[in-house]
Structure formats: structure tokens, C-alpha cells
Amino acid sequence: MGRPPQADGNISVRTVEPMPGYADLITRSCSALLSAFNECRGCGFELSKRTLLENAILTWSDIVLFAVCALGWTVLRQALSAYIFRPLGRWCALQPKDASKMPESVWKLLFYTASWSYSFYLLFFTQYTFFHDPPSAFYDWKRGMAVPTDIAVAYLIQGSFYGHAIYATLHMDAWRKDSAVMLLHHVITLALITFSYAFRYHNVGILVLFLHDVNDIQLEFTKLNVYLKNRAGVYHLLNDLVSNLGCVSFGTTWFWCRLYWFPLKVLYTTCVSSLQSVPNIPFYFFFNTLLFALTLMNIYWFLYILLFVVKVLTGQMTEVNDVREYDIEDSRKTALHKKQHERPHHNSWKERTRLKNGIVKDKRLKNGIVKDKRL
């Protein structure tokens, strides 16, 4: 069993705990949660309020920086879309529907590539060991401890972006059949970022962001190739092949990062290892509830991926299209088209009835006079 560093003279000894399996995650997490619940005396609103006031640290400067950066992301996206992304879509001669969605994908691809690259740098090219030794995220935790500048920068970038993303989902992005779930995802992510920063759980927060951002890079890159494979009325094989490979890579890394590493590295650490390092860790149930909700949403979206694979294997889908690319507006247009297509049959029946009765009136306007014409 892993444990916090133990001092032996001037030598620091640290045992790295091997990553658990799913069975260990379920049994030990349930045991830890039940034990923590049974030991909780006086749990309720008053205790939560007191714990929040005593342990959460969030200054006005943090809030102002967050608001300014969130507004900055929105302004920057609008400017880039107007002056670069949309003109680029016109230059590529994309289909109108694809051209309208391309700016969103390019924007997200650029952001997630930059943010994930920075998280990768923090986890693999600095002194932080949170990826290889997740329990170390809670070693030496203290209330109100200073947040390292490099991690604080990552939190400011990510937190303000998800603040912008909530607004963008409602007012800027195409509304899709899972947009409500996406909106909930952004709210939960922003809550995790904000409270993990305030309670100084920033170490494990960086690991969470790292494991999630890589899938968004692959998703947006694949979607761009889907848009680009039919441009100027010409089919482009290279973009089609890249989009196919992107879908395979996306589905594989989604499972590996979000349904394998995330629960076994993050959930196990927050449920089990955190109590070993900090027995009375604040807001233990709150954070784990949000993380479990995030896991459920990852499973929900993975079902879409499986549905996509089944459609491809059974021949129901002959080309790559992201399952999220089902817009509400498109479905309304399809229903309207179907309704209009059925209407002529209804009208022709009426016309036949009128012809049968011999009383078809054709009103025509000629020289300002309405005339009735009998057949």
C-alpha cells in the first residue's frame, strides 16, 4: 500500500503504489466511501458551510482574472472566426453546412492542442509525479497551501475557457442532440476546476485535465477532415482516410484515457489514497460525486462511439460522420422536408375529389379583376 513520504534521518523514502484494477477500484472505493460516511458526525449544511469557509481560499483577484480571461476567450473566438476561420472555410469551398461548423472545430482544436501540450509538459518534463504516482497528488497537502505558478497558469487558462464554453454552447455553437449533456459537462468541469483550486487539490486537477483534453484534440481534428473531404464539389480521398483513422484513434484513446486511466488513476486516488494522506480531507464527498458524474458522462458518450461502430460494421453508415454531428436544426429541416413531400399526395386527392364533383374553381387575377373559371 502506498503511503506519504516517510523521513528516515535525511533520507526520504517513497513507495509508489501500483495502479489498481477495476475490482480494487470498486471494492476499496465503496469501502472508503462507506467508512467516511459512517465516521461523519454532524454532517449537514452547517458543517459544509463551516468547512467551506475554513478551507476554501479564493481571492477577488482570482475572480476578476477569471472573468476577464473568459471574456477574452469569447472576443478572441469571435475575431478569429470573423477574420480567419470563416474566410478559410469559403476559400476551401466547403459545403454550407460544413462551412458553418468549421470555425467551432478549428477554435477547439487550437485551444485543446495548446492546453493539453502544456499539461503534458507539467506532468512529464517537470518535478511533478502525479501521472506515474497519483497518490503523490495529496502528499504534503495543507489548507491554504501556495499553488505553484505553473499550475496556477494552467488553472486560469482552463477555468476561464470553460466559463467561456458555457456561454458558447448556448449562443455560439451548433445545438446538437447531446448539447444539454455537454452544457452539464462544462458546468461540472468548471465547478471541479474552481473548487479544486480553492481547496488546493490542484495536483490531481492537472491529471484530470490531461486525461480529458487529448480526446478533444482527436475529435476536432477528425471532424475537420470530415468537413474537408468534400470541398468544391470534389471528393478528397486523403481527408477521408484521415477521418477514418481519426475515428479509430479517437475511440481507442477515449476508452484508454477516460474509462481506464481516469477511474483507476484519479477516482481511486480521490476515493482511497486521499484519505490515507489526509484522513479528514475537506469536501471529500462533494469532489468524488462530481468526479463520478464526470465518469458517467464519459460512459454516456462512449455509447455514442459504440453506436457509431455498430452502424459502420452493419453497413448502416457508409462514410465517417461524428455521431454528435446531428443538429437539431437539421432534424427539423428533415421533418419539414418530409412533411412537404407528403403534402402533394394530400392535395392531389382533394383535386381529384373536386374534379369528380365538377366544381374546380381556378381564381386568376387578370387586369385587376378576379375571375372564376369552371371546367
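# A guided tour of a predicted model

Begin by selecting lysine 108, which counts as buried because its relative accessibility is 13%, below the 20% cut-off for that class. The structure on the screen is a predicted model.

Side chains of opposite charge can pair when their charged atoms come close.

**Second stop: across to arginine 176**

Glutamate 104 and arginine 176 are both buried.

Together with Glu104, Lys108 and Arg176, they are linked in a network of salt bridges. In the whole structure, a search finds seven salt bridges.

Select lysine 223 and glutamate 220. Their closest N and O atoms are 3.4 Å apart, and the two residues form a salt bridge. They are separated by about one helical turn because they stand three residues apart in helix H7, residues 202-228. Are these residues buried or exposed? Lysine 223 counts as buried at 2% relative accessibility, and glutamate 220 is buried with a relative accessible area of 3%.

Move to helix H8, residues 237-277, and select threonine 270. This threonine is buried, with a relative accessible area of 8%. Display its surroundings: leaving aside neighbours within four places in sequence, threonine 270 is in contact with Phe138, Val204, Tyr284, Asn288 and Leu291.

Select Leu296, Ile299, Leu303 and Leu306, which make a nonpolar surface patch of about 380 Å². Leucine 306 is found in helix H9, residues 284-313. It is partly exposed, with a relative accessible area of 40%.

**Sixth stop: annotated segments**

The unreviewed UniProt entry lists residues 57-76, 109-131, 151-170, 182-199 and 283-310 under "transmembrane region". Colour two of these segments. Residues 109-131 are 70% helix and 0% strand, with end C-alpha atoms 24 Å apart. Residues 151-170 are 100% helix and 0% strand, and their end C-alpha atoms are 29 Å apart.

**Last stop: the whole chain**

Of its 375 residues, 42% count as buried. The protein exposes about 21400 Å², of which carbon and sulfur atoms supply 65%. Among contacts with a separation of 6 or more, 77% join residues 24 or more positions apart.

Finally, colour the model by confidence. The average pLDDT is 82, and 79% of the residues score at least 70. Over residues 1-11 the pLDDT is below 50, and this stretch has 19 contacts in the model beyond near neighbours in sequence. Over residues 358-375 the pLDDT stays under 50, and the model has 22 contacts for them beyond four places in sequence.

Note on methods
Residues numbered from 1 in each chain as written. Predicted model: local features only at pLDDT ≥ 70, side-chain atom pairs only at ≥ 80, totals over all residues. Heavy atoms only, no water. Patch = residues over 30% accessible without salt bridge, like charges linked within 9 Å, V, L, I, M, F, W, Y side chains within 5 Å. Areas by Shrake-Rupley, 256 points an atom, 1.4 Å probe, with all protein chains shown as cover. Salt bridge = Lys/Arg side-chain N within 4 Å of Asp/Glu carboxyl O. Helix = DSSP H or I, 4+ residues; strand = E, 2+ residues; numbered from the N terminus. Buried < 20%, exposed > 50% of the residue type's maximum accessible area, 1.4 Å probe, protein only. pLDDT = per-residue confidence, 0-100. Contact = heavy atoms within 4.5 Å. UniProt positions renumbered as here; feature names shortened; annotations may be inferred.
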